[in-house]
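Hello,

Here is the structure I promised to pass on to you. Please have a look at it first, and then read my notes below.

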Amino acid sequence: MNANPYLPDMATIVEVIQETHNIKTFRIVINNEERMKEFSFMPGQVGQLSVFGVGESTFVINSSPTRKDYLQFSVMRVGEVTTRLHQLQPGDQIGVRAPLGNSFPVEDLKGKNIVFVGGGIGMAPLRTLFTYMLDNRKDYGDITLLYGARSPADLTYKAELPEWTERKDVNTVLTIDNPSEGWEHKVGLIPNVLLEINPSPKNTVAITCGPPIMIKFTLQALKKLGFEDENILTTLEKRMKCGVGICGRCNIGTKYVCMDGPVFTYAQLKELPSEL
Amino acid sequence: MERFITKENLIRLAEELTATCRVLAPVASCGTVTFRRFLPGMVLDMHSRMAAVSPKAATFPQTETLLTVKREIPEKKPEITETLPEGKNVVIGCRPCGARGKLIFNPVYETDKTKDPYYIQRRDNTVFISLACDRPETTCFCHSVGSGPADPQGSDVLLTLVGEGYVARSVTPAGEEVMKSALFADAGDKGKEADAKNVRARELMGEAHDYASAPAKLLARFDDMDFWQAQSAKCISCGACTYMCPTCYCFNITDDDLGLESRRIRSWDNCMSHTFTLEGSGHNPRPTKAHRLKNRVGHKFSYYPDLHKGVIACCGCGRCIKQCPAGVDIRQIVNAAQEYSE
């Protein structure tokens, strides 16, 4: 971050990947070589991407700090900034203010079994930590990834899914909501498939992100499986502007999602006023 | 430092200061007193009533440009320039509450982690010459939020009206610097008269309300939406309360596209607006005015005090009460939460 927290670094888009009909992944490189080299962050942290003349929006950095050729952001087209971002091509210039917020407790998770439960675009923040753990595989116990979307066409990171499902050192389970021709993986809603996989809560931390309705039922499923609130992690999304705890819109009571979050344990969330 | 300055000389001081500073002073226009850029020859209105809008804009303008971006071909070669503020400001004739209001910004805009250079430059280069109040309005409650009608906190010079002039007391070195002007004279024994006036002004306000239980009591009512719906029934979500408030510091950042150039602008935002927290997905964590008023009151009287040493994020100026077109009174809401029992 710059001393002026509102001043973005200029960055060049080096690659654009069309993930689904409305999600694109952008790989960017900060123009200032020194800053790109020094750029350090941890999985779970977010950044603000600027399209000048249009505005700025918050996205999670979904490339792992262990792979530093570029910074990766996945963007769903929903509003003005994201629509303009979707029109950009490799070589185009954008602004980036990052890293912002807290991160997943990668040190505390060492030696634990990990169950990732991702739904739709909610896979983005999990991808960062998942890739980080693959790159530090020996530090973590059994790793299970349950990733679901409405249909095969709605799955992001398709280029990586074969590797994830074929690796022997992780258990990757993919699911879609309804049967689809040629689909060789699970069919069913994420919480139901999670119960079917039946992961043991022993020495295990569950990490989930997805649409609110999915989170709600996933939390119920995790509780049913015996997971303690402290061992369930999630990452929140709020409308943000400054990203540095000043502008005043992302608070839940006394906590600011941009500074105190976006990563919270379920136990922490229960302590907060109910304003998700 | 204690000096005396006549009313005439205060105007001369304001005029002299315009040579080196932007001077903001209360000026009456169309029946409303607001802080305007003061230029020699203009008439000050310091005594009729408290300015409708606080002097917040001196340190936190309603709209300011954070960055400008030049781009010959869109997105190809943008050049970013920071547009940090420059120069010095003097606010003359604000009330102590308006000067104190800006202190609420400090622990948010300047922390170990983050420093807001725009705010900090203005704060450090603005001198507040405040006027102690001698008669409270019915909407005033500064005495209940840790302040009072002659509170020097946030001011650099505090004036107290005595006869045909003011007893001036420096509060900060910057204030002392201003008071070195030859327009100030020896105060003689007028200080005693000023003290008596200030004591009298405080007495006129009556007993202070105790907000000590407010943080916990407001949190206890968080999920009681019947309570918040009743409290917000009159509110029309116009946001006048937020714009008039000396302590409201929330802002929006937007881009203004001017073709070959764009500007990134920061503007006062309004937490009473539906779009304040509206997310891209369409989800809104504060979907109704009841949720939004709850957050506004909660922030000032519960969350902020919990985070910042018990300080209430309200300076008690009463502008939100006076300017509300629907008669919402923040004091009544907090009182209701405090008095509520299961």
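**What I found**

Let me begin with charge: chain A carries 29 positive and 31 negative side chains, and the centres of these two sets are 3 Å apart. Please keep in mind as you read that this is a predicted model.

**Chain A as a whole**

Chain A contains seven helices and 15 strands. Its radius of gyration is 18 Å, close to the 19 Å given by the globule rule for 276 residues, so chain A is as compact as a globular protein of that length.

How much of chain A is buried? Buried residues account for 59% of the 276 residues. The accessible surface of chain A is about 11,100 Å², and 49% of that belongs to carbon and sulfur atoms. As for contacts in chain A between residues at least 6 apart in sequence, 68% of them join residues at least 24 apart.

Chain A is also divided into two parts: domain 1 covers 9–100 and domain 2 covers 113–235. The centres of these two domains of chain A, taken over C-alpha atoms, are separated by 24 Å. Where they meet, 20 residues of domain 1 of chain A are in contact with 16 residues of domain 2 of chain A.

**Two residues of chain A to compare**

Asn22(A) sits in the loop between strand E1 (9–18) and strand E2 (23–30) of chain A, while Glu80(A) belongs to helix H2 (residues 80–87) of chain A. The two are 58 residues apart in sequence, and in space their C-alpha atoms are 13 Å apart.

Which of them is buried, and which is exposed? Asn22(A) has a relative accessible area of 14%, which is under the 20% cut-off, so this residue is buried. Glu80(A) has a relative accessibility of 66%, which is over 50%, so this residue counts as exposed. Leaving aside residues up to four places away in sequence, Asn22(A) touches Val75(A), Met76(A), Arg77(A) and His86(A).

**Backbone details**

Most residues other than glycine have a negative phi, and most peptide bonds are trans. With that in mind, here are some places to look at.

- The peptide bond from Ala98(A) to Pro99(A) is cis, with omega near -5 degrees. Pro99(A) is part of strand E6 (residues 93–100) of chain A.
- Gly261(A) and Pro262(A) are joined by a cis peptide bond, where omega is about 10 degrees. Pro262(A) lies in the loop between strand E14 (255–256) and strand E15 (263–265) of chain A.
- Asn198(A) is a residue other than glycine with a positive phi, near 55 degrees. You will find Asn198(A) in the loop between helix H5 (190–197) and strand E11 (204–209) of chain A.
- Ser237(B), a residue other than glycine, has a positive phi near 55 degrees. The loop that holds Ser237(B) runs between helix H8 (225–232) and helix H9 (240–244) of chain B. At 22% relative accessibility, Ser237(B) counts as partly exposed.

**One more residue in chain B**

Finally, take a look at His308(B), in the loop between helix H10 (289–307) and helix H11 (319–323) of chain B. His308(B) is buried, with a relative accessible area of 18%. Not counting residues up to four places away in sequence, His308(B) touches Pro107(B) and Val108(B). Between His308(B) and Ser54(B) there are 254 residues of separation in sequence and 23 Å in space, C-alpha to C-alpha.

Key:
Residues are numbered from 1 along each chain as its sequence is written. Chains are lettered from A and ligands numbered from 1 in the order in which they are written. This is a predicted model: local features need pLDDT of at least 70, side-chain atom pairs count only at pLDDT 80 or more; totals for chains, interfaces and linings use all residues. Side-chain values use heavy atoms; hydrogens and water are left out. Helices (H or I, at least four residues) and strands (E, at least two) are DSSP runs, numbered from the N terminus. The radius of gyration is taken over C-alpha atoms; the globule rule is 2.2 Å times the number of residues to the power 0.38. Buried means under 20% relative accessible area, exposed over 50%, partly exposed in between (1.4 Å probe, protein chains only). Contact means heavy atoms within 4.5 Å. Accessible areas come from the Shrake-Rupley method with a 1.4 Å probe; for residues, only the protein chains shown count as cover. Lys and Arg count as positive and Asp and Glu as negative; His and the chain ends are not counted. The place of a charge is taken as NZ of Lys, CZ of Arg, CG of Asp or CD of Glu. Domain bounds come from an automatic or database domain assignment.
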